[in-house]
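Biologist: I'm new to this one. Can you put it up and walk me through it?

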Amino acid sequence: MFKISKESKKSEARLGVLKTKSGNLKTPFFMPIATRGVIKSLSYQDIENLGPQIILGNTYHLYLKPGLKIIKKAGGLSKFMNNKFPVLTDSGGFQVFSLSKIRKLLTNGVRFQSTYDGSWHLFTPEKVMKIQSVLDSDIQMVLDVCSDSRSNNRKLLKALELTTKWAQKCKREKKKLDPKNKNLLFGIVQGGLNKELRLKSLSDLVEIGFDGYAIGGLAVGETNQEMYKVLDYISSAMPKDKPRYLMGVGYPENIIEAVKRGVDMFDCVIPTREARHGRLYLKNKFYPAPFSSKKRCGVYKTINIINAKFANDFSLINKDSKLEELKKYNKAYLHHLFKVQDPLALKLATLNNIEFYLDLMRNIRKAIAGNNL
RNA sequence: GUGCCUAUGGUGUAACGGUUAACACAGCGGUUUGUGGUACCGCUAAUGAGAGUUCGAUUCUCUCUAGGCACC
């Protein structure tokens with residue numbers, strides 16, 4: 001299921017292959033986000049041109065819209081999207097955190113209010129697994145309780161205990177729904193910034209046994225240093241022969257620091273969300289030199305294409321791109337597209353940033369192979 | 001030509017004889033970590049011109065200028 005092919009001599013970084021029913025994934029990898037069943041503004045053709053290894057969808061959002069009936073009729077999320085890549089679905093655990101104002105935490109699950117029509121829906125561990133079964137995602141996540149990493153220990157402990165209890169239920173339900181273990185199930189480590197709680201959470205999950213382990217509840221308000229400190233001890237304590245997934249992270253420098261600490265999988269809204277707000281990730285002249293811990297790893301820069309100075313910049317959006325659009329359109333034009341709020345602006349910027357992230361991951365893998373990371 | 005009405009940032013509107021003239025959009029810049037395209041946070045920017053009344057006028061009066069409407 002997961003095989004490590006190379007361990008860096010320079011750090012805890014490793015190369016591996018994760019097998020899923022829809023394809024094999026070279027780790028470390030990054031998952032572009034398609035929460036609602038679309039990488040915002042991109043068609044399946046655009047996605048194929050980018051060639052991600054895997055994309056990410058969301059249980060809560062897809063359950064509300066289009067709903068299970070439609071997904072079932074379509075034959076699963078990938079068929080619905082005409083997507084040929086593996087899919088990981090998040091459980092809705094993050095919505096416990098991000099939608100904290102419109103949810104109620106119960107001992108048997110979470111009651112969420114729909115962001116569409118205000119109706120209430122109970123998400124139990126069992127139900128979340130049923131939904132993911134219909135979505136037929138290659139990698140499924142247990143329902144967890146993601147809390148603010150700076151919460152007090154009592155709250156963290158409660159979140160952790162619920163997470164563990166629910167993880168057990170998720171595993172049991174998954175066995176019923178998918179006895180041949182066609183799709184993978186990952187547990188999620190919680191515990192905030194508390195070492196003792198983190199390690200307890202991990203060992204409880206390992207005892208239950210999962211196909212992979214995720215680190216949740218990070219990048220939710222703490223500093224980078226605090227996050228790295230957690231990774232320092234939790235990553236090395238995780239089973240070596242299972243993939244490690246740092247949920248929701250991050251900026252390129254965060255990803256590099258996590259890879260050095262032995263993390264294999266990432267997802268983040270940054271490249272896509274920031275694209276829609278006009279920020280483009282671009283290689284600088286040192287790319288892909290050995291990634292340093294300097295700001296922007298010393299190898300990339302960002303620009304805000306909406307800035308007035310680009311109104312007159314007729315240089316190409318991205319001369320290094322493999323994508324025709326980014327090599328043929330210039331910055332002044334993209335600036336204009338943002339000013340007139342044309343959807344093409346979002347698509348071009350999104351293509352640029354995802355391409356950057358995927359290329360970054362390729363170079364990270366190359367660097368590990370050469371013991372340079 | 002006569003009468004009436006109007007004049008506030010780039011645009012559209014508030015306000016009041018009395019603190020620093022408010023709001024929206026536009027403009028300029030920033031934020032974003034298991035999604036925020038519709039989000040969030042800053043910044044810039046105005047009382048048409050002149051005179052009078054008044055302790056104090058963007059507000060009241062007059063003249064001018066510009067625009068609108070009606071009549072000839």
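Modeller: A residue is near a strand if its C-beta atom, placed from the backbone, lies within 6 Å of it. This is a predicted model: local features need pLDDT of at least 70 and side-chain atom pairs 80 or more, while totals for chains, interfaces and linings use all residues. Residues are numbered from 1 along each chain as its sequence is written, with chains lettered from A and ligands numbered from 1 in the order written.

Biologist: OK, how many residues surround RNA strand B?

Modeller: 44, and the closest are Phe 94, Cys 146, Ala 219, Gly 248 and Gly 250.

Biologist: Which helices supply at least two residues each there?

Modeller: H5 (93–98), H11 (270–276) and H14 (343–369) do. Helices are DSSP runs (H or I, at least four residues), numbered from the N terminus.

Biologist: New topic: how is chain A divided?

Modeller: Into domain 1 (2–268) and domain 2 (276–369), with bounds from an automatic or database assignment. Their centres, over C-alpha atoms, are 27 Å apart.

Biologist: And how many residues does each put into the contact?

Modeller: Domain 1 gives 23 and domain 2 gives 22; contact means C-beta atoms, placed from the backbone, within 7 Å.

Biologist: Which element gives the largest share on domain 1's side?

Modeller: H10, with five residues. H10 spans 252–260.

Biologist: Last one: which residues meet between H8 and H9?

Modeller: Lys 195, Arg 198, Leu 199 and Leu 202 in H8 meet Val 230, Tyr 233, Ile 234 and Ala 237 in H9.

Note on methods: Contact = placed C-beta atoms within 7 Å.
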